Amino acid sequence: MSKKMKVATINHYKQTNLKIQSIQKPTPASNDVLVKIMTTSINPIDTKIMAGDLKLLLNYQMPLILGNDFAGEIVAIGKNVKTYKVGDSVYGRPQKQRIGTFAEYLSVSKDDIALMPKNLNYQEAAAIPLVALTSYQALHDLIKLKPNQKVLIQAGSGGVGTIAIQIAKQLGAYVATTTSPKNFELVKSLGVDEIIDYHSQNFEDVLNDYDAVFDTIGGETLKKSFKIVKPGGQIVSVSGLPNADFATNYGLSYWKKLLLKFLTRDLTKLEKQNNIKYNFLFMKPSGSELSTITKMIENKKVRPIIDRTFEFKDINKALTYSRSGHAKGKIIISIND
Ligand SMILES: NC(=O)c1ccc[n+]([C@@H]2O[C@H](COP(=O)([O-])OP(=O)(O)OC[C@H]3O[C@@H](n4cnc5c(N)ncnc54)[C@H](OP(=O)(O)O)[C@@H]3O)[C@@H](O)[C@H]2O)c1
């Protein structure tokens, strides 16, 4: 077996294309498994990291292997790993300081992976970890969505939105979403109760008395969310600015916390004026939460939505497509599959 593997890397921030090169294959540390990556998927975080947009939260050493999702087969295990064996099909989202799934192999902690749902193939499985964990952590862990509560999920046709709708329905909520007419059938098939065409309607004019908003857009759209949530309700954003509370919990320096407090002063004012809690979520890898999601998929409550699949050699075309901001579900990269 070759000791080398192909990886897609950047050498510096603001590099627009990934470079595919050959490097030494990793060996798994004591608590790691070595995965032969069959498939990976693109997330907007990949292009944001490349552009240097996340340097406040994540600062990487260069050269950096990109990629935040994988599905594959375990080919070796570290000496402390008892829960997985060679030959298992697993999927996951590695820790933020250990990304690098645009590669033929990845050494990843046993705590950040789960067995793949038995009813998914590798292409379908790579569509799940990052967006499903994000949606679960927003709707279940932070909002604590209850049956019959009303939630707006922004951008229901996106990678996050398509899974978030299904998880919110699974939690028993009444779900509204924003999207374009070309995606109406898709979001209806996911169980959504109310659709807003964001090109011709303002969601803040149509919806009111909502318990929560899951915002995937940020900016002015996030601020308008305060108009539709009732007092005591919640707004969780994965695309807005992190606030001072997040900075404290994430362990950012005093100066970064002060900067974020200043930059989010409008949101803090809206929180106080309307008695609505705003949280920024930066999703966390979790093998145990991913196992919960595996069960939802095996029980046919959640299914992946795939827009298109690219070969590894065409990864830059996949990134260009992701940057368009109009993918319908997930963009998959086939590596060893
Ligand atoms: N903080 C975190 O932990 C975290 C985790 C995951 C994702 N995120 C962020 O969440 C955002 C969404 O991620 P994603 O993977 O879902 O992105 P994505 O798949 O690239 O989103 C594309 C979708 O967004 C829709 N869209 C674009 N503008 C819209 C608008 N104004 N209103 C309604 N829908 C709109 C598009 O539909 P049309 O074609 O109809 O326009 C398209 O289907 C990204 O910014 C990402 O970085 C953050």
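K277 is partly exposed, because its relative accessible area of 33% falls between the 20% limit for buried and the 50% limit for exposed. The model is a predicted one. K277 forms a salt bridge with D245, and the closest N and O atoms of the two are 3.0 Å apart. This pair links distant parts of the chain: D245 sits in helix α8 (residues 244–250) and K277 in strand β14 (residues 277–280), 32 residues apart. D245 has a relative accessible area of 40%, so D245 is partly exposed as well.

Side chains of opposite charge can pair when their charged atoms come close. The structure holds 14 salt bridges. Another of them joins D211 and K230, with the closest N and O atoms 3.3 Å apart. Here too distant parts of the chain are linked, since D211 belongs to strand β12 (residues 210–215) and K230 to strand β13 (residues 229–237), 19 residues apart. D211 has 14% relative accessibility and therefore counts as buried, while K230, with a relative accessible area of 31%, is partly exposed.

In a further salt bridge, K317 pairs with D314, and their closest N and O atoms are 3.6 Å apart. K317 counts as exposed because its relative accessibility is 53%. D314, at 18% relative accessibility, counts as buried. Elsewhere, salt bridges that share partners join E220, K223 and D266 into one network.

Now turn to the ligand. Which residues are closest to the ligand? Of the 26 residues that surround the ligand, the closest are G159, S180, K182, Y198 and A327. S180 places a polar side-chain atom 2.3 Å from an oxygen atom of the ligand. For Y198, a polar side-chain atom lies 2.5 Å from an oxygen atom of the ligand.

The elements that give two or more residues to the shell are α1 (44–51), α3 (129–142), α4 (159–170) and β10 (174–179). Sorted by class, the shell has twelve nonpolar, twelve polar and two charged residues.

The backbone is the last topic. Most residues other than glycine have a negative phi, and most peptide bonds are trans. The peptide bond that joins M62 and P63 is cis, with omega about -5 degrees. P63 is placed in the loop between α1 and β4 (64–65).

Two residues other than glycine can be named for a positive phi. K144 has a phi near 55 degrees, and K144 lies in the loop between α3 and β9 (150–153). N275 also has a phi near 55 degrees. The loop that holds N275 runs between α10 (265–274) and β14, and β14 is the strand in which K277, the partner of D245, is found.

Methods: Residues numbered from 1 in each chain as written. Predicted model: local features only at pLDDT ≥ 70, side-chain atom pairs only at ≥ 80, totals over all residues. Heavy atoms only, no water. Near = heavy atom within 4 Å. Polar contact = N/O pair within 3.5 Å; in protein donor to acceptor, adjacent residues only side chain to side chain. Helix = DSSP H or I, 4+ residues; strand = E, 2+ residues; numbered from the N terminus. Nonpolar A, V, L, I, M, F, W, Y, C, P; charged D, E, K, R; others polar. Salt bridge = Lys/Arg side-chain N within 4 Å of Asp/Glu carboxyl O. Buried < 20%, exposed > 50% of the residue type's maximum accessible area, 1.4 Å probe, protein only.
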